[in-house]
Amino acid sequence: MAAHTQKNNKPRKPGGKESQPLIIAKTPAEEQRLKLERLMRNPDKPAPIPDRPKEWNPRAPPEFVRDVMGSSAGAGSGEFHVYRHLRRREYQRQDFLDKISEKVNEDIEYLDKVELNKLAADERTAKRRKKREKLKRKMRMAKMAKLESKNKGEDDAEKSSESSSEDDGEREREAEDDAEAPSFIMGRK
């Protein structure tokens, strides 16, 4: 046989794909591996990404029912099956509507709960902020009182001019101490 013919005697295109042996996957992992190998053979080709499956919707109820079934005599034995299918379809539709309304109610409850949690967190934050500001105000008042008592205790003008540079250094140290003060208090009361 010629080198460019296959087993079924069909001529092969030169430069075409080489025939790949047929491999049947025995496990899901092997199947996944084969799919990845097929994708990686040509990395420039875009990979197919399927769309999300659409949510199931029941068929809308008919606007006008032509074949109204009654309990009169003469109804065939096949009519029961028609009735049964219609009843099953209507029950499915009602269940679907119930599930949708339940989902909507759960979403509303969740959003309400999130809003309540947000308000509670804002209240706690405001309370703690007020407490921090009160503590800072108290610390500032104590510093002011300390500085005033030092200023009253100074006698000489020279001492006051010399100590002003020291006061600046002391103020900077006190400002650093402020940075070390806790900004919040742990625990609830």
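R93 and E90 both belong to helix 2, three residues apart, about one turn of the helix; helices here are DSSP runs of H or I with at least four residues, numbered from the N terminus. Their side chains meet in a salt bridge at 2.8 Å, N to O, the term meaning a side-chain nitrogen of Lys or Arg within 4 Å of a carboxyl oxygen of Asp or Glu. R93 is buried at 19% relative accessible area, whereas E90 is partly exposed at 27% (buried is under 20%, exposed over 50%, partly exposed in between, with a 1.4 Å probe and protein chains only).

This is a predicted model, in which local features need pLDDT of at least 70, side-chain atom pairs count only at pLDDT 80 or more, and totals for chains, interfaces and linings use all residues. Residues are numbered from 1 along each chain as its sequence is written, and side-chain values use heavy atoms, without hydrogens and water.

The mean pLDDT (the predictor's confidence in each residue, from 0 to 100) is 79 for the protein, with 67% of residues at 70 or more.

The structure holds three salt bridges. In one of them, K35 pairs with E31 at 3.7 Å, N to O; the two are four residues apart in helix 1 and therefore separated by about one helical turn. R33 forms a salt bridge with E37, with 2.9 Å between the closest N and O atoms, and this pair is also four residues apart in helix 1. R33 is partly exposed at 41% relative accessibility, as is E37 at 36%.
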